[in-house]
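Student: I have the sequence and the structure open side by side. Could you walk me through them, one question at a time?

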Amino acid sequence: MYYVVTIATLLTMVLALIRALMGPTVYDRVLAVNMFGTKTVLLVAVIAYLFGRPDFLDLALAYALINFIGVLAVLEFFRSRTKSPLPGDEGKVSEVSEG
Amino acid sequence: MITLFSLFLLVLLVITAVAVVQTRNLFAAVMLLSIFSLLLAANFLLLDAADVALTEAAIGAGISTVLFLGALSLTGEREAPRKGPRLLYLVAVIAATAVVIYATFDKPAFGDPQAPVQTHVAPWYLEKTPEYIDIPNVVTAILGAYRGYDTLGEVFVVFTAGIGVLFLLASGPGSGSKRRGSRLTEVGQVTGLRHYLVPRVVGRLLVPFIILFGLYVQFHGEYGPGGGFQAGAFVAAGIVLYSLLEGEKKALDIIPRKVLMGMVCGGALLYSAVGVLGMLMGGNFLDYSVLLDNPVAAQQVGIILIELGVGLTVTGVLLSIYHAFAARGRA
Amino acid sequence: MDQILDILSWILLSAGGLFVLVGGIGAIRMPDLYTRMHVASVTDSAGAILVLTGIMVQAGLTLATVKLAAILLFLLFTGPTASNALASAALLSGVRTQDKDHKAEEDHSS
């Protein structure tokens with residue numbers, strides 16, 4: 001019963017990988033990595049039940065939390081790279097009040 | 001069927017590795033490395049190695065990505081063009097790979113029950129653990145009790161790596177601003193992701209859960225996948241998330257550098273202290289069974305103490321390295 | 001009763017797998033970054049809910065169900081937030097949508 005979901009998730013992982021290899025901008029690749037992370041969470045949860053070892057669910061919980069940190073880190077560093085002010089002008093970083 | 005899944009994931013791994021090497025844009029390479037680490041962790045899971053998969057996920061996909069990005073913010077974004085005889089390198093790599101593949105022909109088959117590793121030491125560990133240590137997770141028993149001396153070496157390797165990186169990169173708030181101009185460093189330290197409201201609110205909601213999960217993994221290491229290394233990586237990841245959202249200055253206010261250094265040294269000292277305590281109470285170095293009256297309970301207490309030491313050192317080192325990168329100013 | 005639970009979880013898991021696949025195909029075929037994000041978020045929400053609920057039905061009332069509920073909760077919290085952060089970052093750095101009149105201009109091609 002779990003095989004259908006496992007195959008679907010593995011296929012989607014391949015598609016996300018293709019997008020990560022293909023994507024013209026960096027944001028496409030970040031999107032692909034985020035998708036890949038969520039698919040890995042689902043894959044781990046399904047495989048844990050496929051093997052009959054429910055104590056593997058700790059891993060799925062871990063990935064669900066870690067995936068988020070990776071995406072935010074990329075956004076922070078890429079943003080601070082492109083918007084950093086030149087040594088001439090002062091802290092005029094363009095602000096958006098709502099995310 | 002499981003073998004098919006494993007093979008499939010390994011093919012994806014090779015494709016990702018080739019792509020990482022080929023691409024010239026270093027941000028793309030970092031993203032692909034994150035995917036590589038997730039694929040590797042899924043592979044470990046299919047091989048039934050949960051502890052290793054957890055460590056690989058926590059350190060590879062979480063902390064390593066952040067550290068690579070921190071390094072990229074200090075250097076350029078494109079790789080410099082390669083020089084040198086590429087054909088010669090290719091031939092050398094193919095020759096080395098051929099030798100290694102030839103060497104694997106002599107190994108016992110995968111999962112062979114008659115292989116030496118399955119007939120000498122492994123059954124002894126599996127049979128004697130309920131009698132001597134009595135915890136369900138044999139991996140932690142091996143790591144903490146039977147091969148505790150090796151784990152002491154690992155902790156000291158992590159400690160030395162942290163000290164090495166801090167020698168190369170450390171800058172107090174003073175020297176960083178002298179290098180780049182104080183205004184730029186101020187801007188770089190004040191922003192963080194605070195202009196994005198939604199990630200900030202949700203992220204701050206998640207930080208206590210990540211740290212709680214890290215503590216859960218630390219103390220649950222005897223019953224399920226877990227232990228000191230994974231727990232250290234998770235707690236460090238939680239605090240890195242806080243630092244990304246609120247700016248690095250606030251994260252340094254919460255856990256100052258002195259406390260971080262205290263954690264780095266204190267963890268390794270705690271581990272060695274447990275060992276010396278064993279000697280003082282009449283046993284050998286790192287012999288836990290003399291710590292209490294009941295030798296089985298003493299082994300469990302010993303394992304908990306050394307895992308605590310490991311967790312402290314790993315957290316301290318990862319956070320110190322992150323702050324060392326992030327404090328160099330954003331170029 | 002067991003039969004009904006099995007059939008229910010079969011349906012949920014298959015539907016979840018279908019949504020996951022839809023998200024993956026959309027990420028490849030969509031013409032523009034924002035539309036790709038829109039489709040990929042289907043996996044984060046519908047796919048995750050269906051698959052994890054399907055496994056929860058199989059697990060019954062044990063500790064594993066609580067862990068699965070926690071995983072679902074964290075995925076539902078972080079998935080849309082990551083999409084939001086990604087979209088606003090892309091918007092701020094100038095990635096434009098693709099109009100019918102002129103081609104997409106992307107400031108940060110890599």
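Predicted model: local features only at pLDDT ≥ 70, side-chain atom pairs only at ≥ 80, totals over all residues.

Student: What percentage of the residues in chain A is buried?
Tutor: A residue is buried here if 20 or more other C-beta atoms lie within 10 Å of its own. Among contacts in chain A with a separation of 6 or more, 43% join residues 24 or more positions apart. Of the 99 residues in chain A, the buried share is 62%.

Student: Which helix of chain C gives the most to the side that touches chain A?
Tutor: The contact takes 42 residues from chain A and 46 residues from chain C. On the chain C side, the elements that give two or more residues are helix 1 (2-29), helix 2 (33-59) and helix 3 (63-92). By class, that side has 27 nonpolar, 15 polar and four charged residues. The top contributor, with 17 residues, is helix 3 of chain C.

Student: Are helix 2 and helix 3 of chain C roughly parallel or roughly antiparallel?
Tutor: Their axes come within 9 Å and cross at roughly 175°. The contact of helix 2 with helix 3 in chain C has 20 nonpolar, five polar and one charged residues. An angle over 145 degrees counts as roughly antiparallel. With a crossing of roughly 175°, the two helices of chain C are therefore roughly antiparallel.

Student: Is Met30(C) buried, partly exposed or exposed?
Tutor: Met30(C) sits in the loop between helix 1 and helix 2 of chain C. Leaving aside neighbours within four places in sequence, Met30(C) is in contact with Thr35(C), Arg36(C) and Val39(C). There are 17 other C-beta atoms within 10 Å of Met30(C), so this residue is partly exposed.

Student: How far apart are the C-alpha atoms of Met30(C) and Ala90(C)?
Tutor: Along the chain, Met30(C) and Ala90(C) are 60 residues apart.

Student: How many residues of helix 6 of chain B are buried?
Tutor: Helix 6 (residues 121-132) of chain B reaches 15 Å from its first C-alpha to its last, close to the 16 Å expected at 1.5 Å a residue. Just after this helix, Asp134(B) takes a positive phi of about 65°. Helix 6 of chain B is hardly covered, and among its 12 residues the buried count is one.

Student: Is Gly278(B) buried or exposed?
Tutor: Gly278(B) lies in helix 14 (residues 257-280) of chain B. Beyond four places in sequence, its contacts include Gly283(B), Phe285(B), Tyr288(B) and Leu291(B). With 21 other C-beta atoms within 10 Å, Gly278(B) is therefore buried.

Student: What is the C-alpha to C-alpha distance between Gly278(B) and Ala58(B)?
Tutor: In sequence, Gly278(B) and Ala58(B) are 220 residues apart. In space, the distance from C-alpha to C-alpha is 32 Å.

Conventions: Residues numbered from 1 in each chain as written. Chains lettered and ligands numbered in written order. Contact = placed C-beta atoms within 7 Å. Helix = DSSP H or I, 4+ residues; strand = E, 2+ residues; numbered from the N terminus. Nonpolar A, V, L, I, M, F, W, Y, C, P; charged D, E, K, R; others polar. Axes fitted to C-alpha atoms, helices over the stretch in contact; angles between N-to-C directions. Parallel < 35°, antiparallel > 145°, perpendicular 65-115°, else oblique. Expected span 1.5 Å × (residues − 1).
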